[in-house]
Amino acid sequence: MKSLFTKGFCVTLLALWAQLGAAQVNPATIKSRLQGTILDARTKQPLAGAVLKIKGTTHAVSADQDGKFTFNTGQAFPYTLQVSYIGYIQQETVVNGTPVTIFLEESQVQLSDIVVTGYSTQQRKYIASSISSVSGKIVQDQPSGGFNQLLQGKTTGVQVSSNSGVPGGGITFRVRGNNSINASVDPLYIIDGVFVSNADPITAGLGNQQASNPIADLNPSDIENIQILKDANATAIYGSLGANGVVIVTTKRGKRNTNARINFNTIQGWSAAVDKYDVANGPDVARLTNESRINTAIDNGIDPSTITLPFPNPESLPTYDRISGLFLTAKTSNYELSTQGGTDKSTYYISLGYLNQESIVKPSDYTRYAGRLNYDNFLNDKLKVGTSLNFTRSERNLSGSDNSPTGVINSALFPRSYLPIFNEDGTFARYGSFDNHLALIENLDNKAVGWRTIGNIYGEYSFLPELKLRSSWSIDNSSEYDNSYSNTLISAGIANRGSASSSENKNLVLTNEQVLTYIKTFGENKQHNLNALVGNTINTVLNEGTSATGTGFAANSLRSVAVAATRSGSSFRSSSKLLSFFSKVSYTYKNKYIIDGSIRADGSSKFGANKRWGYFPSGGVAWLVGEEAFIKNLNVFDELKLRASIGLSGNQNGIGAYAAQGLWSSGANYLEQPGIAPTQLANPDLTWETTRQFNLGAEFGILKNKLSIVADYYNKYTYDLLLNVPVPYRSGFASYLQNYGAVRNKGYELGINSTNIQTENFSWTTNFNVSFNKNKIEKLASDISLGASGRNISILKQGYAVNSFQLYKQLSVDPQTGNAVYDDVNNDGIITSADRQIVGNALPDYTGGLTNNITYKGLDFSFFFYFQKGNKIMNMNDFFMVHGGTQANIGFLPRQLERWQQPGDVTDIPRLTTYSGNPTANGGAANNYGGNVASLSSRYLEDGSFLRLKTLTLGYTFPTVVSRKIGMNKLRIYAQGTNLLTFTKYGGLDPEVSSQSNNQNTAGYDWATVPQPRTFQVGASVTF
Amino acid sequence: MTLQHIKTTLFLGIVLLSITSCKKFLEETPNNALPTETAITDAGTARAAIIGAYDRLQEYYAASYPTLGTITTDNVVFNGTLSQYLQLDQNAIPTDNVITVAAYQGIYRAINSANSVIAYVPAVNDPTLSNAEKDRILGEAYFIRALSYFDLARGWGGVQIQLEPTTSLDGLKGIKRSTLDQTYDQVLADLVRAEALLPEDATTRNRAQKSTVFALRARLHLYREQWADAENYATQVINNPKFALVKPYNAFFTAPFQSTESVLELAFSPNDRNAFWNLWYPSSAGGQYTLKPSEALVNKLNDPLVGGSRKSLLAGTGNTVYGVLYNTAGTSTDPAYLIRISELYLIRAEARAHLGKLTEAAAELNTIRLRAEVPPTQASTQAALLLAIEAENAVEFAFEAHRWFDLTRTGRAEAVLGLSNRNFWLFPLPLSDVQSDPDLTQNPGY
């Protein structure tokens, strides 16, 4: 790889410098000097950074801070000047003397936006693809710690949610549904041209929860805009990487000829739990336990009066409150300092950011230090070089929960409430499998420190005004250094007298890329418009890590693995490569008819030698119907566009680097001698998982574009799934990775932007979007059951959606006997595992958001609702704590009090018992909580739909005259509330939850997880 | 040719050069694994492959197999949160129970390793691999395969017999389940071959030797109720001076292990850990406490007339009594106890009781009781002796993979455990196998 990377570098550099030498410009004789100002036509505010050039030439200057410019040129007056500025209508003016004042009209419609598409930028109007855009302005107005919060509910076709309330923690990010089963379903993230690694580098045990997300390392304030490529026509150019959608993040850059601007932002926030866990008190736990014991005796045919009750006097039992020790009011602090500006030759954007966020459940927190440098230099008219560099250091204090019984929440929630927190001698008390939550909060020492560099250096050379070569070298280098120490005061360190682990994981992604772009408008009335490109990329991913563990420490203050009595180490390495060639052509006729097509060829080292290369074509057409006379004559539509596209994209992420090879692994050691053993069957035919997507879209604007609507229909069919097909265990293997199976996602999306009122002082805009997606596994070798620590509550089954839940469907609790009656699926009269059935899934039918922005003079007010409907949540807290007495070491939730007690009681919580005889009987006592059903009852599966007031923001921008007086250009202060209101039927703490998020196929569990907090924050933004 | 042309040619030339190196560029190999084709080729890899087969034995014997032999009985109860253990405790085992699946899968992994050694090692031509060593490696592989099929047969009944290493899925087709007898016959055939190939020395207890083969044969014959053979092979092991009962009882499970008690004991080390203790210890001692000695067993072990010195299997008081057979909480180096010499005494006692040699049978039993510091047995009839031997097995091997298999092979699971449905005396075959393997039929009742 290294050699090829070097080779690519040399070639391109050579080409660039060779051209540079040939293209030196002779200093032109100045024939005219034009001075002037460029202003917004409506607000009369200067437009810093607006670009001017003489029509037909490449020499351009841009306006400074006050909108002023000076333009020296070899041409004499008069000449035609082209003035453009992003978000404004380009203007052509004939100038015949200096000075001039030029007014630019703001373009009302998003159809004219410039959109960053695969490897090029295009006007939104002329794109035949489905692309969502989110402006970075949201970031300035509604700041939050993470990029993911910015995207949730803001646009169509993406489902974004946090998996827990832990800051910096895992997120779920899906573009148009889950495409795959064993390969990755995460989108490709591209930040300033860098393909960013999706890997979660944190290895510390956190139960089954993702500890981080790939975009947490990005400071949201640096974002200029985000584009989400959704349909095949947009993503196919990314070929093998684009099947799950592409998220392109562009960060801020300076503008030419602008004075330095310094911006300072700060946020201070306070978060608290909306609801806290409620557990049964001591006397209730005792009563329920007694009742269970009595019922069990009856079931066993024993006279209940002869048994000894475990709690002869339940009233006397105390109640110890563990829950309140768990939560705190968490503080968030954020400070950002940035500067941007530019000269005639160069532009810069430099920022520094600091964020510290505590979790509302002790003791986790998240700190991020982020620095960014974006620099562009226009060496001459033809050559531009630049860089985007992002450095981030993240520090996390981690704390495990969900399926780890020694997690903090588990240790507070599950123990029985009559049991004291401390032993009589003052030491921490522990029960059953659980640790002591206070011991954990005080002693957990689990630090993950990440260093991440995302950087890019590029050179762009214009051979001709229409022909451009861009070459870029990118790096995403992350290094994660995790250290944990379990001292002798917590369960994990008791037996071994302290245990420490230290690991360093490195993830390096190198990408080299060349793109040659040709853009030409020609013909009569410029009716032909051609936009073509050809390019290649070379991509290498290298994962390496080393870890050491040690046990046995002389004292708790000694935490280094080096001084442990027993030490051991481990390491890993994997490397994969991807080589790609691509081309794309887009042709527009008469600014009305658009046709485009692209093709990409990818070769991956992960696949079998026979089938390494995949080819991914796509094509699209669009018709700007609104430009046709017969539509214009209707006087209804200001814009109307219809588009259709179809194409293929591939997926290879998420499978092992050596997945196609037959392997014997080393490390199967015994008696301190090295051993080897077969671990993987060869599949020389392993190849790409392919997604075929069809998309139909319509965009239109009415009422002078005050109402604009985008609607899309798509149908995605993913086939040749990279599937771990279960094989008979007698082969000595558990599964075999092969191309088998298919998944379909189809759905509708609707986005509405409305400018309700727009006057000089008052404006009110509304954005509404909703996305429907239906997922279905079309073909699968056999059912795959998984999830919930071996309880196999999740299932993948042909004909059903991924993330389905399989449980015993509880029909009723018999009012006479109090025993649960289940659906006997095969009607054989008994309850066996054959009677488990799919009773719902974790995927919402639809998700969406509603945003309203209202401004009056300097005041701004906005509120944002997010909603999702139709998803189910498996409430594992109920599963464990409504156990009918079968869990001797676990307390009860108040829901257990609703159990059946006497004939006639109507409830869905069956009679308490631990009877285990006759485990197949339907309506028998054994299956209430144990037996074959073993509590895997649909009574613990709940509706997870919710509507939530996510944010509400009130801000005030001081008038310029006031802020100037105190030496500032702009001053805004604001207050914001997050998660203020939630409407849901879900009985757990928080419906936005996914505890088992380490595996994409086990979504929708709530299991001792930190809930989303309610946050109140105040902030100020100052520009000097 | 202009300068421009030269540049263009140069550029294209280098691009082409890069493309021709594509094929090589896309080849990647791991640094921690060997390609299947070249896995066993010389002395080093032949040795490593048999070590790998032992590693596979370790995998299923460290925790899952002993769990199956204990929590399913009256000795151990479920005390944790994980329902797979509750299912075993209640003998209501679904077909996807994680522990049975892990054990079943682990056993076949060991078989595949052993099959590979048996298939490839004979062809290794390396002067540094002597014939004697080759024989030893092959003998160990036959033993491991025998043990694996034996463990499958007593848990799941007659199983599908795989005798070739799996290199592709095509070779799997058409192999149906054999009967229990056929499976035991395969075990016997492998033991006979192992006996011919294996050496014997005075110290090795952590790898298979001739005496290990005899011990497993004694057990096999006992299970097949071939009393004379069982007596004969047990005697061959008992008479070997390499083995002797240790005293006190807890000496065999106290570091440094590998006591004269052990006929086969898989060793673990700080680099090769066995954290089975974690399932037995309470959280106040750093464990999970999922497996808890039953009240009945605690009473037996604490009874000086029943448990005697075997009460050292317990620690803790009151509601937190826990089992300490696996006790290296600090280092996780507990061995897996596969065959102890005391088992051979009890096999011979049972065989002799069946053969009508009641006095000798009682004497064998008393050897074990004496070591445990309990008085000699009062049993004198055949029936009483057999019950006494069963009761002795229950406390002697309280936390080892014994009780369940003893009760099911003797048909006593109903009387002792109340498990009247005989279908549940066999574990279910894994759900995913039943689904993915057309040649497999599920055990009745599941």
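How many residues does the contact take from chain B, and how many from chain A? Keep that question in mind for the first view; like the others, it is drawn from a predicted model.

**Figure 1. The contact of chain B with chain A.** The contact takes 86 residues from chain A and 82 residues from chain B. On the side of chain B that touches chain A, the elements giving two or more residues are helix 1 (3–20), helix 2 (22–25), strand 1 (33–35), helix 3 (43–62), helix 5 (83–89), helix 6 (98–120) and helix 18 (431–436) of chain B. Sorted by class, this side of chain B has 38 polar, 34 nonpolar and 10 charged residues.

**Figure 2. Strand pairing from chain A to chain B.** Here you can follow strand 1 of chain B as it pairs with strand 30 (residues 663–666) of chain A. The pairing is antiparallel and runs over 3 bridges. For one of the residues to look for, take Trp664(A), whose bridge partner in strand 1 of chain B is Leu34(B).

**Figure 3. Helix 10 and helix 13 of chain B, packed together.** Helix 10 (residues 227–238) and helix 13 (residues 341–354) of chain B have axes 8 Å apart and pack at an angle of about 150 degrees. Angles over 145 degrees count as roughly antiparallel, and helix 10 and helix 13 of chain B are therefore roughly antiparallel to each other. Their crossing is left-handed. Helix 10 of chain B makes the contact through Trp227(B), Ala230(B), Glu231(B), Ala234(B), Thr235(B), Val237(B) and Ile238(B). From helix 13 of chain B come Ile341(B), Leu344(B), Tyr345(B), Ile347(B), Arg348(B), Ala351(B), Arg352(B) and His354(B). By class, the contact of these two helices has 10 nonpolar, 3 charged and 2 polar residues.

Figure 4. In chain A, the peptide bond from Lys362(A) to Pro363(A) is cis, with omega near -5 degrees. You will find Pro363(A) in the loop between strand 19 (346–358) and strand 20 (365–378) of chain A. In chain B, the bond from Ala255(B) to Pro256(B) is cis, with omega near 15 degrees. Pro256(B) lies in the loop between helix 10 and strand 3 (262–266) of chain B.

Figure 5. Asp192(A) is not a glycine, although its phi is positive, at about 50 degrees. This residue is found in the loop between strand 13 (188–191) and strand 14 (194–196) of chain A. Asp192(A) counts as buried because it has 25 C-beta neighbours inside 10 Å. Ser935(A), also a residue other than glycine, has a positive phi near 65 degrees. Look for Ser935(A) in the loop between helix 10 (876–881) and strand 47 (941–943) of chain A. With 25 other C-beta atoms within 10 Å, Ser935(A) is buried.

**Figure 6. An open sheet of 4 strands in chain A.** The strands of this sheet follow the order 38-39-40-43, and their pairing is antiparallel. At the edges are strand 38 (784–786) and strand 43 (837–841) of chain A, each of which pairs on one side only. Neighbouring strands of the sheet are turned by 40 degrees against each other on average, direction ignored.

Notes
Residues numbered from 1 in each chain as written. Chains lettered and ligands numbered in written order. Predicted model: local features only at pLDDT ≥ 70, side-chain atom pairs only at ≥ 80, totals over all residues. Contact = placed C-beta atoms within 7 Å. Nonpolar A, V, L, I, M, F, W, Y, C, P; charged D, E, K, R; others polar. Pairing = 2+ DSSP bridges. Axes fitted to C-alpha atoms, helices over the stretch in contact; angles between N-to-C directions. Parallel < 35°, antiparallel > 145°, perpendicular 65-115°, else oblique. Left-handed = near helix turned anticlockwise from the far one by under 90°. Buried ≥ 20, exposed ≤ 12 C-beta atoms within 10 Å, placed from the backbone.
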